[in-house]
Amino acid sequence: MISVDHVTKRHRDILSVDAVSFTAEPGEVTGLLGPNGTGKSSIMRIICDLDRADSGSVALAGKRYRDHDLPLRVVGAQFEGSGAHPARTAVHHLRWVARTQRLPDSRVAEVLEMVGLSARDGKRAVRGFSLGMQQRLGIATALLGDPQILIFDEPANGLDPIGILWLRDLVTGLAREGRTVLLSSHLMSETELIADRVVLMDGGRVIGQGSVGEFAAEHGSLEKAFFARLGTARRPRTGASGGGEGA
Amino acid sequence: MSPTITDWPMFALHYGQAIPILIGAWIIGQDTSPGSLRTAFLAQPRRARLALTKYSISVLLVLPAAVLCIVGACAPLLLLNEVERGSMTPALTHLSWLLAYWVLIGLVSAGLTAFTRSTMWAVLPLSAWTLGLSDLLRSRLPALSGAMDQVFDDAYRGGINLSTGEFFSVAAQVLIVLAAGTAAWSRRDAHQR
């Protein structure tokens, strides 16, 4: 389970995350939904201890990210791109990550297969990968430790329609296995298909949260629910718009 | 005037300083490319521990490289019996200090790379200073050269004659670079890739 409790983060004069609280439960896909620059990536970075919250707390399976001895065995995270050194091959990248978590090298071939990258792709330098292949490698890195908690930041970016269909099956399958899945997206129709629960965000704040079914029943669709909430909740933030999304 | 065989060791030892600079920068710098630093921090969120491991690896790589370079630099003299028997012991003592100096240079390079998160901003100034630009800067910026000499020239030229005070001064400055590098490396901010 992921528990985010009153997390606030300010980047200079911009309030990127404003007292955000939510939980992501095992067996469910929780979607962080909102326009670009609304603080989704900032929250995910804070959850993974890549960024420091000014206040509030985060717990993953009851502990902070940094307090897990082998964190990638508990939490798998994918952010923009592959996360690999461009000169390394996919196999070498996955192998060094696996070794830091005391995972067998055989796990590398397994995750490459899971994300649809061939053994030949695995021997290529990452700099030659398309955007979609880099996303797949990033997802493979997240899956490496067979973690119970998975965090995907805009995972559909760069994927073609077949890739998006594959991603949908993968994410829902992972949740069906009892894992906690948190993903961020600005694609409302796609999130409606994947997520069980959504946290609607704007201006660094949560403007609504609940099950996708509840929102759809109340407003007709997730998109309509988002804009209905947006109309009532939007208020100006200090400084220019946009938070940590592009950071 | 063409260089003689006795110039070779000094030439090799002088330009060999690039080796610890490159090793220190490489060990830290291989994880400063877009994305890979983030993966490293996800795999080991205790960042200071990661930095200390990398500093240790730098030392482990610099030591054999330094031994190889020193042996390679002195080999022609030894083979041609150019070294007087009586001068071997002080020469070896001085070379052992050179070994320590290389380790310090490697650590400063690693610390500077961690601090700037850029291989270039560590390698360029250190190379410029240790390999030749120091004389130019010394003539133009005497105040700067005074500070830099304390770190580099004292260590390099002082050899076994380095006083205890000077030794601790050098050690303290290397530690400051390492501490600043580790602190900058460990900072959790939104501008990391």
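The second largest cavity is lined by Pro155(A), Ala156(A), Leu167(A), Leu183(A), Ser184(A), Ser185(A), Glu190(A), Thr191(A) and Ile194(A), where a cavity is a set of points, on a 1 Å grid over the protein atoms alone, at which a 1.4 Å probe fits but cannot get out, and a lining residue has an atom within 4 Å of a point. The model is predicted, so that local features need pLDDT of at least 70 and side-chain atom pairs count only at pLDDT 80 or more, while totals for chains, interfaces and linings use all residues. Residues are numbered from 1 along each chain as its sequence is written, chains are lettered from A in the order in which they are written, and side-chain values use heavy atoms, with hydrogens and water left out.

**Cavities**

- The structure holds two cavities of 30 Å³ or more, a volume being the space filled by probe spheres set on grid points that are joined across faces, edges and corners.
- The second largest cavity has about 50 Å³ of space, and strand S7 (180–185) and helix H7 (188–194) of chain A each supply at least two residues of its lining; helices (H or I, at least four residues) and strands (E, at least two) are DSSP runs, numbered from the N terminus.
- The lining of the second largest cavity divides into five nonpolar, three polar and one charged residues, where Ala, Val, Leu, Ile, Met, Phe, Trp, Tyr, Cys and Pro count as nonpolar, Asp, Glu, Lys and Arg as charged, and the others, Gly among them, as polar.
- The largest cavity has a volume of about 110 Å³, and of the 14 residues that line it, Ala77(A), Gly138(A), Thr141(A), Thr39(B) and Leu42(B) are the closest to its centre.
- At least two residues of the lining of the largest cavity come from each of strand S5 (75–78) and helix H5 (131–143) of chain A and H3 of chain B.

**Interface of chain B and chain A**

- The contact (heavy atoms within 4.5 Å) takes 19 residues from chain B and 28 residues from chain A.
- Between them, chain B and chain A bury about 1,900 Å², 55% of it on carbon and sulfur atoms, buried area being the accessible area (1.4 Å probe) that two parts lose on being put together, summed over both.
- One salt bridge (a side-chain nitrogen of Lys or Arg within 4 Å of a carboxyl oxygen of Asp or Glu) is counted between the two chains; Arg46(B) forms this salt bridge with Asp67(A), and the closest N and O atoms are 2.8 Å apart.
- On the side of chain B that touches chain A, helix H3 (residues 36–43) of chain B gives the largest share, seven residues.

Definitions and conventions
On a 1 Å grid over the protein atoms alone, a cavity is a set of points where a 1.4 Å probe fits but cannot get out, and a pocket is an open set with protein on both sides within 12 Å along at least five of seven lines; lining residues have an atom within 4 Å of a point.
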